[in-house]
Amino acid sequence: MKKYFVLLVTITLFSCNENEEISNQQQNTQSGVVISFDDDYVNEWHEVNTVLQPYDWKATFFVTRFNQLSLDKIQKLKALKSEGHEIGGHGLNHLNAVNYIASNSTTAYINDEITPMITQMSSFDLAPTSFAYPYGSRNTTTDHLLLNEFQIIRGTTYGNAAPISQNCYYDSNSKLVFGLGIDKNYSHFNISYFLSLLEHAKKNNKIVIFYAHKPVLSFQNNYETEYQTLIEICNYVKNNNMKFYRMSELSDLEEAN
């Protein structure tokens, strides 16, 4: 009986220490949001930055087809970076990673899609340290491959699951994160739902990850996010003393933990 008692006490103490460690990690992480944008809508990103500046917001812009951008657009990306935003990578040609590797090879994917993107972006002092999958297409092979190139990578998640069950929160145990789309054409689009995710993050010291494409004043086409959606999100974050994170800052948090 005495042995069982000692065992029970040991398990209880271990459990308490483990829970305390998890609690301390949560307390050390300020609740917040990562707002990210994909593709090459540089002019629209530059314009919406002016609209959202009053919220002291920060975002991560994942750029594709960098080799096709005009010098004016590249200068706008550099201006966004100078204001504290992050410029990430979204592939040189917006290739579907899983399909391309299946039809070619991992070496071909890196040589065709990743290395030239990094080289060209680096030549303008825009070397990316984070990457977002085009089409959200990924698997463990691509994850392993790209985590040799970037500090953190982003996939996608969908649906309107209860906030406690959503997969769009930063996980300190992984360099792979998942973002929830906030473009108006998504079936799960609902500003109140997005705010409920932020509310859950605020109460539980979590970080929500959102992604969008083309910011517009009024929705007309797929892959567009209205200014009002972004304003509502930024307003909630600022009014609740939450933090705007850039994607690569999540990697820094992991190292700190």
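**View 1. Phe194, a buried ring with aromatic partners.** In this predicted model, Phe194 counts as buried, at 0% relative accessibility. Let's see which rings pair with Phe194. The centres of Tyr193 and Phe194 are 6.3 Å apart with their planes at 50 degrees, so this pair is tilted. Tyr193 is itself buried, since its relative accessible area of 11% falls under the 20% cut-off. Phe189 and Phe194 also pair, this time edge-to-face, with 5.6 Å from centre to centre and 75 degrees between the planes. Phe189 is partly exposed, having a relative accessible area of 21%.

**View 2. An aromatic cluster of Phe37, Trp45, Trp57 and Phe61.** Here you can pick out these four residues, which form one cluster: Phe37, Trp45, Trp57 and Phe61.

**View 3. Lys206 over the ring of Tyr169.** This close-up brings together a charge and a ring. The charged end of Lys206 sits over the Tyr169 ring, 5.7 Å from the centre of that ring.

**View 4. The second largest pocket and its lining.** This pocket holds about 200 Å³ of space. Its lining is made up of 16 residues, and those nearest the centre are His94, Tyr135, Tyr186, His213 and Tyr223. Two elements, β1 (32-39) and β5 (152-157), each give two or more residues to the lining. By type, the lining residues divide into eight nonpolar, five polar and three charged.

Conventions
Residues numbered from 1 in each chain as written. Predicted model: local features only at pLDDT ≥ 70, side-chain atom pairs only at ≥ 80, totals over all residues. Heavy atoms only, no water. 1 Å grid on protein atoms, 1.4 Å probe; cavity = no way out; pocket = protein on both sides within 12 Å on 5 of 7 lines; lining within 4 Å. Points joined across faces, edges and corners; volume = space filled by probe spheres on them. Helix = DSSP H or I, 4+ residues; strand = E, 2+ residues; numbered from the N terminus. Nonpolar A, V, L, I, M, F, W, Y, C, P; charged D, E, K, R; others polar. Phe/Tyr/Trp six-rings, centres within 6.5 Å; stacked < 30°, edge-to-face > 60°. Buried < 20%, exposed > 50% of the residue type's maximum accessible area, 1.4 Å probe, protein only. Lys NZ or Arg CZ within 6 Å of the ring centre and 35° of its normal.
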